[in-house]
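Work through the two exercises below with the model open. Each task is followed by a stepwise solution.

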Amino acid sequence: MTRTDDTIRWGILATGGIAGAFARDLAALPGGELLAVGSRSPESARRFADEHGAPRAYGSWAELAADPDVDVVYVATPHSAHLEAATVCLEAGKAVLCEKPLTLNLAQAREMVALARHRGVFLMEAMWTYCNPVVRRMLDLVADGAIGEVRSVHADFGIVAPSDASHRLRDPRLGGGALLDLGVYPVSFAHLVLGEPSSVAAWAHLTPEGVDETTGVLLGYDSGAVATLSCSIASASPTVAAVSGTRGRIELPHGFFAPESFVLHREGREAEEVRVPRAEGGTGYGPEAAEVMRCLREKETESPLVPLDGTLAVMTTLDAVRERVGVRYPGDG
């Protein structure tokens, strides 16, 4: 294939629901093209490719990574396979957008980041919240002092997951539990607003399989701020977030991790709804894909919106929470 334009050509590794959602959003994004799909099942890869219009389908991760025309690979496997899948791609010199959480634990995340930096290859965690234009607008207002000094952050994410012990959310071998699958959003949101905490406290109810079913987290900061966070696979929560300051607050509605609006409350003013249209449309994956493509065109190996040091800081907090509540995975050191 002769390259005659600046189109970024994508490969998608894995063929599950989140991979399909990403492919649909990518199709509506100018300057991007889904070129290839890779799976350990050739049949699954072919079905996915046919459904989403990808001209190439590979029955192994290595074949996808070896395609010379693929610029970047979106890793959409369960998080227990992120390190293995991303390593295959990074060692082949492919840029990687890896689903969240980046890995099962901090040690694995450090290994992945070190490999990317050693090879000089782009790597970004697919924390779409950080690229969301509504969230970026919220951060601008906070930085400009619209609500004064931030004193508290709240975020929650809870669903009712299947109770079958074999389900991935209840399997320790697959990094099951509420924290890594859902809690990564509230924790990442707190990090985005307040940075890395100086204190981590947590409590959880564990399943018979040994993963966290419902978890509460309290983060403390030297500034005097606190973050109260929760996640659950046993109950559906409001899944909202709020940032409160000395002169007001910002409330993000249900689905705070990919919002279309927020409400700004300021002293002496009427509440104001703030909306920022997503130019990319779709379900919310467009902004992160656009950021990856911008970085690749600008020859950047890390995104300033989703910096790798920030991802490592979040993984540090997630590890600390798991240590406090007693959840361990087979891959932990």
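A crossing is left-handed if the near helix is turned anticlockwise from the far one by less than a right angle, and right-handed if clockwise. Note that this model is predicted.

**Exercise 1. Describe how helix H5 (residues 106-119) packs on helix H10 (residues 308-325).**

Solution.

1. Two packed helices are described by the angle between their axes and the distance between the axes.
2. For H5 and H10 the angle is about 165°, and the axes lie 9 Å apart.
3. Angles over 145 degrees count as roughly antiparallel, so H5 is roughly antiparallel to H10.
4. Now the handedness: H5 passes H10 in a left-handed crossing.
5. List the contact. H5 contributes Leu106, Ala109, Arg110, Val113 and Arg117. H10 contributes Leu308, Asp309, Leu312, Met315, Thr316 and Asp319.
6. Sort these residues by class: six are nonpolar, one is polar and four are charged.

**Exercise 2. Which residues of helix H2 (residues 42-52) are buried, and which are exposed on the other side?**

Solution.

1. Buried means under 20% relative accessible area. In H2, Ser44, Ala45, Phe48, Ala49 and His52 are buried.
2. Check their directions. These residues cover an arc of only 130° around the axis, so they sit on the same side of H2.
3. Recall the helix geometry: an α-helix has 3.6 residues a turn, so residues three or four places apart point the same way.
4. Turn to the other side of H2, where Glu43, Arg47, Asp50 and Glu51 are exposed.
5. Find the cover. The buried residues of H2 are covered by elements including strand E1 (8-13), helix H1 (17-27), strand E2 (32-38) and strand E3 (56-58).
6. Finish at the end of the helix: Gly53 follows H2, and its phi is positive, near 75°.

Notes:
Residues are numbered from 1 along each chain as its sequence is written. This is a predicted model: local features need pLDDT of at least 70, side-chain atom pairs count only at pLDDT 80 or more; totals for chains, interfaces and linings use all residues. Side-chain values use heavy atoms; hydrogens and water are left out. Axes are lines fitted to C-alpha atoms, for helices over the stretch in contact, and angles run from 0 to 180 degrees between N-to-C directions. Helices (H or I, at least four residues) and strands (E, at least two) are DSSP runs, numbered from the N terminus. Angles under 35 degrees count as roughly parallel, over 145 as roughly antiparallel, 65 to 115 as roughly perpendicular and the rest as oblique. Contact means heavy atoms within 4.5 Å. Ala, Val, Leu, Ile, Met, Phe, Trp, Tyr, Cys and Pro count as nonpolar, Asp, Glu, Lys and Arg as charged, and the others, Gly among them, as polar. Buried means under 20% relative accessible area, exposed over 50%, partly exposed in between (1.4 Å probe, protein chains only). The arc is that of the directions from the helix axis to the C-beta atoms.
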